Amino acid sequence: MGKPAFSDFVSIRDFTKEQINEIMRNAAKMVPYARGEKKTNVMSGKILGTLFYEPSTRTKLSFEAAMLRLGGATMGFSSTAGTSIEKGENFSDTIRVTESYADILVIRHPLEGAARLAADLSEKPVINAGDGAGQHPTQTVLDLYTMLEAKGKLEGLNIVLLGDLKFGRTVHSLAEALAMFGANLTLVAPSSLEMPRDVINQIESMGVKPNYAHSLEEAISDADILYVTRIQKERFADPTEYAKVSGSYRIDTKLLKQAKSDISVMHPLPRVNEIDPEVDRTPHSLYFRQAANGIPVRMAVLCMLLGVEP
Amino acid sequence: MKELKVQPIRNGTVIDHIESGMALNVLKILGITSDNIRSTISVAMHVRSKKGEWKDIVKIEDRELFAREVDRIALISPRATINIIRDYNVAEKRKVKIPPVIRGIVRCANPNCITNSNEPVETEFSVIREFPLTLKCHFCDRTQSRVEEYII
């Protein structure tokens, strides 16, 4: 077994542009294994522990699929019901116990900083699969990878981020990473869901000044990629406030006629009403490809954390 | 002769040039309570400095504070000076210095941070700016100023 490329995968801010490029190059090499066209047992005898304190479909399944495709095994929980957490065990104890059962841990938790704490406590590598409104770095890398794969570059791309830019954890780290790669950003959000100031400050400190568009039509006219996010019902205390903003935008083929002919539409999924299903059948739709790219990207991260290659 | 508002002390530590209004926070940040100190503490609040500015002063008798202790004061009063007094004379005088990493003194301003739950974990911040003092949480990455409101 080789030397691990890094010890944990907690925040995209921990990585340089060159390291992210290396993950994406390794992800590209994983594609035939991810599709099942080639076989590997490089993770044989290794166990991935999946500790999901919050529900997730795609992230948990894609981590499991990634580990299984590499010949490893997985174990874990997808809600705290029936576990010792329900009996009152704290997170720190759960980490100390489960790290002795597994070779690598992937964690989703409702509180920000949970994955960092786990990484500090655990000798085994920890992957952050989302901590509250904080980071979700493998999602960020798979988004960058999908854009790079579709457009051949990241620098100079015109990217529109649309929707819940306040609570949506994927867009914060994505915006920072895109700034690092020199993309041009345009932000479109309902006034109650605008990008937090500290994220904007971080982006501006990297020399990128985001544009703000008043209408979606105006924003997409020269866009290469339209990145749509769901307005998350669970983040609103007041249902009337949710109702007010939830229907404020919808992407359909009529709208996309006003954009460049090769505009691509991305979405971290699940979507609700933001994208009309008619867009699925057009060449603009990139979101299912994006979801599929979660497997090779996560395979690359797992391999780099354990210092193995197929 | 100008009358002194606070009497000189024979031995101990004088913390001078504390930001006006911060004297009690200085005691709090040093962890000094009536339970854990046996000597006299004098606090003078809102007194004029030689330059005519308002300041607070804290005098702790018969105890010499360590550098590690006093640097905590920099978080809420970066211009404070520490005078170690021996037999009525200033034996040592130094300014406080903001430490690069701050552990366990300040609470994270983010209510959703793991350190604000019931986990047995000490808070940890890096200093990203000294004026105004801005800290970044090691765990949740959130930045915060107005540190005096979050002293544990």
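This is a predicted model: local features need pLDDT of at least 70, side-chain atom pairs count only at pLDDT 80 or more; totals for chains, interfaces and linings use all residues.
Residues are numbered from 1 along each chain as its sequence is written, and chains are lettered from A and ligands numbered from 1 in the order in which they are written.

Chain A is divided into domain 1, made of 12-135 together with 294-306, and domain 2, which covers 137-291; such bounds come from an automatic or database domain assignment. Taken over C-alpha atoms, the centres of domain 1 and domain 2 of chain A are separated by 25 Å. Across the boundary, 19 residues of domain 1 of chain A are in contact with 17 residues of domain 2 of chain A, where contact requires that the C-beta atoms of two residues, placed from the backbone, lie within 7 Å. On the domain 1 side, the elements that give two or more residues are H1, strand S4 (126-131) and helix H11 (287-306) of chain A, helices being DSSP runs of H or I with at least four residues and strands runs of E with at least two, numbered from the N terminus. H1(A) gives the most to this side, with 5 residues. The residues of the domain 1 side divide into 10 nonpolar, 5 polar and 4 charged, with Ala, Val, Leu, Ile, Met, Phe, Trp, Tyr, Cys and Pro counted as nonpolar, Asp, Glu, Lys and Arg as charged, and the others, Gly among them, as polar.

Helix H1 (residues 17-34) of chain A also packs against helix H5 (residues 137-151) of chain A, at an angle of about 70° and with the axes 10 Å apart; the axes are lines fitted to C-alpha atoms over the stretch in contact, and angles run from 0 to 180 degrees between N-to-C directions. That angle makes H1(A) roughly perpendicular to H5(A), a term for angles of 65 to 115 degrees. The contact is made by A:Ile20, A:Ile23, A:Met24 and A:Ala27 of H1(A), and by A:Val141, A:Leu144, A:Tyr145 and A:Leu148 of H5(A). These residues divide into 8 nonpolar, no polar and no charged.

In the segment before H1 of chain A lies A:Asp14, which counts as partly exposed because it has 16 C-beta neighbours inside 10 Å; a residue is buried if 20 or more other C-beta atoms, placed from the backbone, lie within 10 Å of its own, exposed if 12 or fewer, and partly exposed in between. Helix H4 (residues 114-121) of chain A, by contrast, is mostly covered, with 6 of its 8 residues buried. The buried residues of H4(A) are A:Ala114, A:Ala115, A:Arg116, A:Leu117, A:Ala118 and A:Ala119, and they pack against helix H3 (91-98), strand S3 (104-109) and S4 of chain A.

Chain B has 2 helices and 9 strands, which run β-α-β-β-α-β-β-β-β-β-β from the N terminus on. Its C-alpha atoms fill a box of roughly 55 × 35 × 20 Å along the principal axes, and buried residues make up 30% of the 152 residues in chain B. Where the two chains meet, 16 residues of chain B are in contact with 15 residues of chain A, and the residues on the chain B side divide into 7 nonpolar, 7 polar and 2 charged.

Terms used: Angles under 35 degrees count as roughly parallel, over 145 as roughly antiparallel, 65 to 115 as roughly perpendicular and the rest as oblique.
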